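Please keep the sequence and the structure in view while reading.

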Amino acid sequence: MDYRGIFEDAIDALRVEKRYRVFADLERKAGDFPRAVFRDSSDNAREITIWCSNDYLGMGQHPVVIEAMQQTAGRLGAGAGGTRNISGTNRPLVELERSLADLHRKEAALVFTSGFVSNEATISTVARLIPDCLILSDQLNHASMIAGVRQSGMEKKIFRHNDLKHLRELLSAAGKQRPKMIVFESVYSMDGDVAPVAAIADLAEEFNALTYIDEVHAVGMYGPRGGGICERDGLMDRIDIIEGTLAKGFGTMGGYITANAAIVDAVRSYAPEFIFTTALPPALCAAARASIEHLKGSISERQAHQRQAARTKRVLAEAGLPVMPTETHIVPLIVGDARLCKAASDMLMDRHNIYIQPINYPTVPKGTERLRITPTPYHTDDMVAELCDALISVWQVLDLPRDFDMSRLLENKLIAGDLTLPTVGG
């Protein structure tokens with residue numbers, strides 16, 4: 001058996017389909033974000049501008065966050081020492097979970113090593129603990145949510161993306177007596193649209209269903225204290241489980257859930273992904289808490305973020321570029337072809353020192369390939385103008401379409417969401 005050949009063939013297949021992923025060698029510069037140093041395969045270095053970071057508010061380089069990490073590492077060391085079951089819970093982690101519970105106005109919180117793990121572990125564990133649970137999952141949920149649904153082993157139904165009528169039909173067919181859990185996101189990261197959270201909560205109450213929302217692309221950026229879409233819309237008390245990340249708006253690393261004490265304790269006690277995983281180190285916990293507490297009291301980052309996101313959309317649209325309309329900070333620029341999307345990304349880096357990673361299948365449906373632009377408060381007006389000029393040049397050189405049919409995009413979205421594929425990445 002040629003084991004090596006099996007893996008080489010698998011990688012070759014990705015290259016043929018133009019889906020092979022190349023990771024850019026980037027060195028972010030604290031205090032100068034979104035500037036970074038890029039090194040090519042020959043280790044030649046040059047300065048570039050990042051336009052696709054999930055560090056949406058630049059909190060990963062905020063002085064308060066860096067100081068908290070440095071001081072805690074100096075006092076408590078680099079590592080956590082093991083799992084929380086074996087080594088206990090470091091004090092900064094206790095304080096972090098209290099801060100998160102307060103952020104979402106819930107009784108308790110539980111921190112995981114990543115948002116992927118928090119979704120997979122919580123959805124699967126909660127569903128398994130509910131007898132005969134039916135999971136109703138939005139068509140465009142994250143890959144991690146899909147993994148949790150699959151791992152639970154419970155019956156699932158997929159409702160069309162943000163389609164309340166379809167969700168109602170599925171809930172009605174299940175009946176009010178059967179235990180049910182609705183799992184969905186607030187901000188969908190590839191299209192930048194927002195779930196009808198209040199209406200879903202209405203349906204959950206009507207049909208006696210538990211609600212689970214993924215707020216990873218909203219926490220930090222929305223709401224008076226950065227609690228996400230649920231806080232912005234005054235709905236936190238109507239959602240049973242709120243899941244979030246520390247790695248995007250808060251600029252550090254880790255995932256978490258907040259809920260009532262019984263749910264959190266059950267996940268803590270039953271989820272193997274939590275029980276058998278080394279805890280986050282104290283310095284990282286302190287940095288995450290510093291970021292959360294800063295954003296609870298400061299709205300300047302959120303205001304600047306929304307202003308620059310809106311400006312970027314407007315400038316690119318006025319230039320005739322195919323910007324997909326969104327109501328959030330996500331700015332998708334549709335290309336519609338995997339090969340050309342990769343070529344556009346490469347040309348932006350090679351000729352204009354601008355880094356935007358191409359988004360291709362299976363992260364988005366075929367025919368909707370795109371450049372996903374994420375402005376931050378640190379992208380100046382001059383940077384927006386430079387980005388626009390670079391994109392116009394790339395579109396001209398590659399002869400890319402400017403009049404992408406958004407109805408075609410909708411059609412492709414409606415065929416996405418097969419649970420056999422990781423349709424949307426985080």
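## A covered strand

In this predicted model, the side chains of Ile 241, Glu 243 and Thr 245 point one way from β9, while those of Ile 242 and Gly 244 point the other way, and all of these residues are buried. In a regular strand, side chains alternate between the two faces of the sheet. Strand β9, which spans residues 241-245, is accordingly described as mostly covered, with five of its five residues buried.

Which strands pair with β9, and in what sense? Strand β8 (residues 210-214) pairs with β9 in the parallel sense over three bridges, and within this pairing Tyr 212 has Ile 241 as its bridge partner in β9. Strand β10 (residues 255-259), by contrast, pairs with β9 in the antiparallel sense over four bridges, and here Ile 242 stands opposite Thr 258 of β10.

Glu 185 belongs to strand β7, which covers residues 180-185. Although Glu 185 is buried, it has no salt bridge, and the nearest side chain of opposite charge, that of Lys 248, is 9.2 Å away. The side chain of Glu 185 does, however, reach the backbone nitrogen of His 142 at 2.6 Å.

## An open three-stranded sheet

Three strands form an open sheet in the order β11-β14-β13, with antiparallel pairing. Because β11 (331-334) and β13 (358-359) stand at the edges and each has a single partner strand, one side of each is left without a neighbour in the sheet.

The antiparallel pairing of β11 with strand β14 (residues 370-373) is made over four bridges, and in it Pro 332 stands opposite Arg 372 of β14.

## Exposed positions

Is Met 1 buried or exposed? Met 1 lies in the segment before α1 (3-16), and its relative accessibility is 77%, so it counts as exposed, the cut-off for which is over 50%. Together with Tyr 3, Ile 6 and Phe 7, Met 1 makes a nonpolar surface patch of about 550 Å².

Pro 131 is found in the loop between α5 (115-129) and β5 (134-138). With a relative accessible area of 62%, Pro 131 is likewise exposed. The C-alpha atom of Pro 131 is separated by 40 Å from that of Ala 283, the two residues being 152 residues apart along the chain.

Terms used. Residues numbered from 1 in each chain as written. Predicted model: local features only at pLDDT ≥ 70, side-chain atom pairs only at ≥ 80, totals over all residues. Heavy atoms only, no water. Patch = residues over 30% accessible without salt bridge, like charges linked within 9 Å, V, L, I, M, F, W, Y side chains within 5 Å. Areas by Shrake-Rupley, 256 points an atom, 1.4 Å probe, with all protein chains shown as cover. Salt bridge = Lys/Arg side-chain N within 4 Å of Asp/Glu carboxyl O. Helix = DSSP H or I, 4+ residues; strand = E, 2+ residues; numbered from the N terminus. Buried < 20%, exposed > 50% of the residue type's maximum accessible area, 1.4 Å probe, protein only. Pairing = 2+ DSSP bridges. Lys, Arg positive; Asp, Glu negative; His and termini not counted. Polar contact = N/O pair within 3.5 Å; in protein donor to acceptor, adjacent residues only side chain to side chain.
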